[in-house]
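Subject: Handover of a structure and notes on what was found

Dear colleague,

Please find below the structure that I am passing on to you. My notes on its contents follow directly after it.

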Amino acid sequence: MKTYGVNGKKNIIGEKVKKLRKAQRWSQNDLAIRVQLKGRMADQRVISRIERGCRIVTDYELLTIALVFGVSADELLMVSCTEGDTLTNGNGKQKPNVIKI
């Protein structure tokens, strides 16, 4: 199965998750515990990989993380893409300028 990413990352919410977590003054473990309390499996390593963009985030995880922070999934997904962004496939090969918003 090929996995795709933008600018070498496997998700687009990682930076927003880190920003929201730090605003709450939570550790990655604190966030993982809150996610677990909502019924999703997560630990500190999972949160770290999400924040670094090294892990794909499922729709269920997206909704749970949004719920924990009290924001909408749309807010987590709001990012700006530019013409210079690149799409990569699982082999690390880049397809430049495919995102034009």
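Which residues line the largest cavity? The lining consists of Val 35, Arg 40, Met 41, Ala 42, Val 46, Ile 47, Ile 50, Glu 61 and Ile 65. Two elements, α3 and α4, each give two or more residues to this lining. The largest share, 3 residues, is supplied by α3. Sorted by class, the lining has 7 nonpolar and 2 charged residues, and no polar ones. The space inside the largest cavity comes to about 50 Å³. A search of the whole structure finds 1 cavity of 30 Å³ or more.

Please bear in mind that this is a predicted model.

Overall architecture

The protein chain has 5 helices and 3 strands. Read from the N terminus, the order of its elements is β-α-α-α-α-α-β-β. The chain holds 101 residues, and 36% of them are buried. Where contacts join residues at least 6 apart in sequence, 55% of them link residues at least 24 apart.

Helix α1

Helix α1 covers residues 14-24, and its buried residues are Gly 14, Val 17, Leu 20 and Arg 21. Viewed down the axis of α1, these buried residues fall within an arc of 130°, and they therefore line one face of the helix. The general rule behind such a pattern is that an α-helix has 3.6 residues a turn, so residues three or four places apart point the same way. Glu 15, Lys 19, Lys 22 and Ala 23 are exposed on the other side of α1.

What covers the buried residues of α1? The cover includes α2 (28-37), α3 (44-52), α4 (59-69) and α5 (73-77). After α1 comes Arg 25, which has a positive phi, near 60°.

In α3, the buried residues are Val 46, Ile 47, Ser 48, Ile 50 and Glu 51. Their cover includes α1, α2 and α4. Gly 53 follows α3, and its phi is positive, near 80°.

Glu 51 may be of interest to you as a charged residue of helix α3. Is Glu 51 buried or exposed? Its relative accessibility is 7%, and since buried means under 20%, Glu 51 counts as buried. The side chain of Glu 51 makes a polar contact of 2.5 Å with the side chain of Arg 21. A further polar contact, of 2.9 Å, joins the side chains of Glu 51 and Gln 28. Setting aside neighbours within four places in sequence, Glu 51 is in contact with Gly 14, Glu 15, Val 17, Lys 18, Arg 21 and Gln 28.

Apart from neighbours within four places in sequence, the contacts of Arg 21 are Trp 26, Ser 27, Gln 28, Leu 31, Glu 51 and Phe 69.

Where does Ile 13 lie? Ile 13 is in the loop between β1 (5-6) and α1. Ile 13 has a relative accessible area of 2% and is buried. Not counting residues up to four places away in sequence, Ile 13 touches Ile 50, Val 57, Leu 62, Ile 65, Leu 76 and Leu 77. Between Ile 13 and Glu 51, the C-alpha to C-alpha distance is 7.4 Å, although 38 residues separate them in sequence.

Leu 76 is located in helix α5. With a relative accessible area of 0%, Leu 76 is buried. Leu 76 and Ile 13 are 63 residues apart in sequence, yet their C-alpha atoms are 5.6 Å apart in space. Beyond residues up to four places away in sequence, Leu 76 touches Ile 12, Ile 13, Lys 16, Val 17, Leu 20, Leu 62, Ile 65, Ala 66 and Val 71. Among these, Ile 65 also lines the largest cavity.

With kind regards

Key:
Residues are numbered from 1 along each chain as its sequence is written. This is a predicted model: local features need pLDDT of at least 70, side-chain atom pairs count only at pLDDT 80 or more; totals for chains, interfaces and linings use all residues. Side-chain values use heavy atoms; hydrogens and water are left out. Buried means under 20% relative accessible area, exposed over 50%, partly exposed in between (1.4 Å probe, protein chains only). Helices (H or I, at least four residues) and strands (E, at least two) are DSSP runs, numbered from the N terminus. The arc is that of the directions from the helix axis to the C-beta atoms. Contact means heavy atoms within 4.5 Å. On a 1 Å grid over the protein atoms alone, a cavity is a set of points where a 1.4 Å probe fits but cannot get out, and a pocket is an open set with protein on both sides within 12 Å along at least five of seven lines; lining residues have an atom within 4 Å of a point. Grid points are joined across faces, edges and corners, and a volume is the space filled by probe spheres set on the points. A polar contact is a pair of N or O atoms within 3.5 Å; within protein, one must be able to donate a hydrogen and the other to accept it, and residues adjacent in sequence count only if both atoms are side-chain atoms.
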